[in-house]
Structures are given as C-alpha cells and as structure tokens.
Amino acid sequence: MSKDLPQELAPFFDALGQRKARGLVGLDVRGISSVADFMVICSGLSNRQVAAMAEHVERHMKKRRQKALGVEGKTEGQWVLLDYGDVIVHIFHDSARDFYDLEGLWADAKRYYPKGRPENEEEVFND
C-alpha cells in the first residue's frame, strides 16, 4: 500500500471525499489489466447517495474539462461505473460492493487510500 497518491487519482478522491464515500480505494492495475491504468472503488449507504456521488464526480471532472467516456448504472444506484479512459470509477451500494468484490478480483493491484485513512481499509469500511 502506498501513501503517494498518483495525480491521475487525486481529482476522483477529492470529489468522492466531498460526498462522504465509504471505503474509498484506488487500485493501480497497470500491467494486470488492459482495460484501464487505475480503478477507483467506493460505496454509499443508499441508492440516492450512490447516484449523487456519481453526479458529483461528473460535475467535478467536467470543471477539469474531462468528460466520462461512458456512464452505466446511475439510474439504478446499485453500481455506477464512470469510464474516464485511464481511470474507471466504481461506486457501489454497500451490499453490491460486497457481492462483486472487485478488490478481491484485483488483489494483486497496488492500493491507494485517502490521506488520513488507516492502512487497513477494512477498519473504515466495516464500521
């Protein structure tokens, strides 16, 4: 686990932190995935919070002149995927996150956590 957040992840961590994302983690999947270089994973407590976080990320990135290449799942609010090319953002409802377990799927990826969060992210996520 690293303390130095890559610049590619910083705007996403900033936006999601503003909306109280739970269990926020960035994964460096370079060399183990051809889909993207990084994945950002977090969750919310309700469908509405999940959708609101996705909308906030889109607004935040639009101010930086970056538009999502694709958005899936925002209407349902269980799992929203925002594709920004090199960075894919996954925003889950807590129960969906447990079910899909993307962190387990990408267990070999280097992990990045927001500043001030414990190294053992489970302490935060399972509170």
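Me: Which residues of H2 are buried?

Reply: In H2, Gln49, Val50, Ala51, Met53, Ala54, His56, Val57, His60 and Met61 are buried. Buried means under 20% relative accessible area, exposed means over 50%, and partly exposed lies in between, with a 1.4 Å probe and protein chains only. This is a predicted model, in which local features need pLDDT of at least 70 and side-chain atom pairs count only at pLDDT 80 or more, while totals for chains, interfaces and linings use all residues. Residues are numbered from 1 along each chain as its sequence is written, and side-chain values use heavy atoms, with hydrogens and water left out.

Me: What makes H2 a helix, and how does its reach compare with the expected span?

Reply: Helices are DSSP runs of H or I with at least four residues, strands are runs of E with at least two, and both are numbered from the N terminus.

Me: Against which elements do the buried residues of H2 pack?

Reply: They pack against helix H1 (10-18) and the strands S2 (38-44), S4 (79-83) and S5 (87-93). Contact means heavy atoms within 4.5 Å.

Me: Why is S2 called largely enclosed?

Reply: Of its 7 residues, 7 are buried, so S2 is largely enclosed by the rest of the structure. Phe38, Val40, Cys42 and Gly44 point one way, Met39, Ile41 and Ser43 point the other way, and all are buried.

Me: How do you know that S2 pairs with S1 and S5?

Reply: Two strands pair if DSSP finds at least two bridges between them. S1 (residues 22-28) and S2 have 5 bridges in the antiparallel sense, so they pair. S2 and S5 have 7 bridges in the parallel sense, so they pair as well. Asp28 stands opposite Phe38 in S2, and the bridge partner of Met39 in S5 is Ile88.

Me: Why is the aromatic pair of Phe92 and Tyr100 called stacked?

Reply: Rings of Phe, Tyr and Trp (its six-membered ring) pair if their centres lie within 6.5 Å; planes under 30 degrees apart count as stacked, over 60 as edge-to-face and the rest as tilted. The whole structure holds 5 aromatic pairs. In the pair of Phe92 and Tyr100, the centres are 6.3 Å apart and the planes 25° apart, so the pair is stacked. Trp79, Phe92, Phe99 and Tyr100 form one aromatic cluster.

Me: Are Phe92 and Tyr100 buried, partly exposed or exposed?

Reply: Phe92 has a relative accessible area of 1%, so it is buried. Tyr100 is at 41%, so it counts as partly exposed.

Me: Why is Glu103 called buried, and which residues does Glu103 touch?

Reply: Its relative accessible area is 15%, under the limit for the term, so Glu103 is buried. Glu103 lies in helix H4 (residues 102-105). Not counting residues up to four places away in sequence, Glu103 touches Val25, Ile41, Arg97 and Arg111.

Me: What makes Gly70 partly exposed?

Reply: Gly70 has a relative accessible area of 22%, so it falls in the range in between. Gly70 is found in strand S3 (residues 70-72).
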